[in-house]
Amino acid sequence: MKIAIASGKGGTGKTTVATAFAQALSRMEYSVSLVDCDVEAPNAHIFIQPILDQFEDVNVLIPSVDADSCTGCGLCAEVCQFHAIVVIGGKTLVFPEMCHGCGSCTLVCPEQAISEIPNRLGVLEGGLSQEGIRFGQGILDIGEPMAVPVISKLKKWQNLMDAEIVVIDSPPGASCPVVESLRGADYIILVTEPTPFGLHDLRQAYQVTQVLGIPAGIIINRDGIGDTGVDQYSAEVGIDILMRIPLERKIGQGIAQGKSLLEVKPEYEKYFQQLYLQIGEALSSGNNL
Amino acid sequence: MKQLVILSGKGGTGKTSVAAAFADLLSLENAPFKTVLADADVDASNLELVLMPSVVEREEFWGGSVAEIDSDNCSACGICAEVCRFDAVSVKDDVYTVDPIACDGCAACVYQCPNEAISMKEQLAGEWYRSESRYGPLFHAMLIPAQENSGKLVTLVKQQARLLALDEAYDLVLVDGPPGIGCPVISAVSGANLALIVAEPTASGVHDMHRVLETTRHFGVEALICINKADIYLDGTNKIEEYCRKENIRMVGKIPFDLMVTESMIHGKPVTSYQPESPASLAIRDVWTEVMKAIKDQEL
């Protein structure tokens with residue numbers, strides 16, 4: 001089963017939930033992998049301390065133009081949807097950071113003057129945690145705009161997706177990197193905080209789960225800090241509230257130090273194990289929790 | 001005209017609360033700059049929830065396009081699926097279809113289809129707004145959930161804010177940035193004179209602060225740092241201060257954890273206006289003074 005953790009708003013506790021969930025499930029004797037898809041700001045490694053011993057670059061193939069065979073006809077520039085290849089004064093220029101690596105220019109070039117060369121966007125890192133969680137993360141290189149190719153390669157990397165339980169830590173927001181992270185999940189846990197910001201962004205994230213057609217439930221983090229808007233909204237649209245993690249100085253301080261939720265509050269091991277069983281039963285019966 | 005962008009790397013460190021308080025302080029009499037506001041977090045645009053603006057202009061945002069196969073002209077040759085590098089074309093019983101969510105919009109299939117059976121369909125990806133608030137004009141946007149091109153929409157929102165600033169002689173554009181370091185952040189940073197990074201003294205916050213600092217450095221934008229919730233973990237705060245000293249980065253203040261920040265958000269007001277004497281408000285005011293000085297210094 002693949003369970004993704006998402007949020008809309010940043011800093012609501014996605015990584016806290018994802019790491020605690022993965023740890024709790026690995027103690028149930030399942031094979032568990034944790035995949036950190038927040039390639040712009042990957043933090044799950046801090047809490048589960050894996051030994052990273054596998055590395056692989058993520059490249060997209062970008063065009064390289066052989067000036068001798070290029071006639072400057074401009075067909076490549078015409079088909080490129082991203083203005084990554086242009087012809088100026090009969091010379092063809094490539095802008096690597098704009099290129100999506102689709103290969104269209106190479107295919108249409110009548111002179112076969114375009115070949116493809118790898119352009120690095122980031123790196124994948126993997127390894128095992130002490131508790132035996134298979135861990136993988138993507139790290140987007142500084143200055144590179146495109147997170148999606150790093151996420152999509154991460155999700156196909158090694159055998160991360162073959163574990164009995166795959167926990168995916170998604171980036172914040174509601175656009176393409178989030179969609180790429182959530183695609184293919186069986187269930188999505190939306191982590192929010194009970195504030196107007198949390199509610200606004202929860203709505204966005206919930207709509208993403210609906211576009212993807214994946215069932216979802218809510219974990220309210222820092223319960224007690226704000227208002228009742230999230231409770232009202234979840235009742236209105238009929239999403240289950242799966243768990244509430246209270247606003248407690250002890251939890252905040254522990255997480256700040258890089259301790260996982262289970263280290264700070266061992267009772268959550270049991271809560272997350274129960275939650276997993278509930279999700280499994282609900283999915284097999286097709287009902288809400 | 002100057003452009004100040006507020007960033008963090010990690011989400012939820014308090015960018016928007018700080019931006020809203022800055023908007024409030026900049027709207028007061030004798031403020032050093034006449035300011036236009038821009039919310040560059042189009043995935044999760046929260047500045048409006050605190051500034052309570054009224055929308056005066058609303059425009060559609062048409063983002064990228066996705067491929068669509070006309071089954072009447074399709075000969076099921078399969079070339080589209082072969083050339084697609086985004087696993088967006090699938091086939092079932094010899095019927096080829098494009099998954100609009102997976103489609104990157106590259107149009108490679110359109111140009112390779114021998115039957116001209118594929119066309120690109122433009123997607124309505126969101127809306128952008130020009131609004132008026134008691135803190136000044138605000139440009140903001142809403143990306144339709146699961147749509148692409150948030151970077152483009154950020155660029156559009158900022159362009160509109162700059163145009164108004166130029167037309168009506170405003171001298172500062174204050175940009176509330178998105179989390180992360182990728183495409184929308186790069187759009188938010190582009191053209192900025194100064195970045196204020198709202199850091200958090202947590203293990204994750206410090207890790208992501210480094211990444212966003214590398215990003216501003218990469219694009220040659222000077223960055224200042226303030227620490228929010230500075231008292232929740234003093235070791236983290238010390239670490240950030242030490243790093244700033246070592247790297248010669250200007251630290252412009254520490255904001256304590258203060259529940260008044262959440263309470264003011266619930267009341268739809270910047271904390272400096274809702275509770276001007278609260279610990280967070282006083283600290284943000286000091287940060288603001290330092291940042292305004294830094295912008296002035298740049299003019300010299």
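Trainee: What distance does helix H5 of chain B reach from its first C-alpha to its last?

Mentor: This is a predicted model, in which local features need pLDDT of at least 70, side-chain atom pairs count only at pLDDT 80 or more, and totals for chains, interfaces and linings use all residues. Residues are numbered from 1 along each chain as its sequence is written, while chains are lettered from A and ligands numbered from 1 in the order in which they are written. Helix H5(B), residues 150-167, has 18 residues, and a helix here is a DSSP run (H or I, at least four residues; strands are E, at least two), numbered from the N terminus. The expected span, 1.5 Å times one less than the number of residues, is 26 Å, and the helix comes close to that with a reach of 26 Å.

Trainee: In S7(A), which residue is the bridge partner of Leu124(A)?

Mentor: Strand S7(A), residues 134-140, has seven of its seven residues buried. Seven bridges join S6(A) to S7(A) in the antiparallel sense, where pairing requires that DSSP finds at least two bridges. In S7(A), the partner of Leu124(A) is Gly138(A).

Methods: Buried ≥ 20, exposed ≤ 12 C-beta atoms within 10 Å, placed from the backbone.
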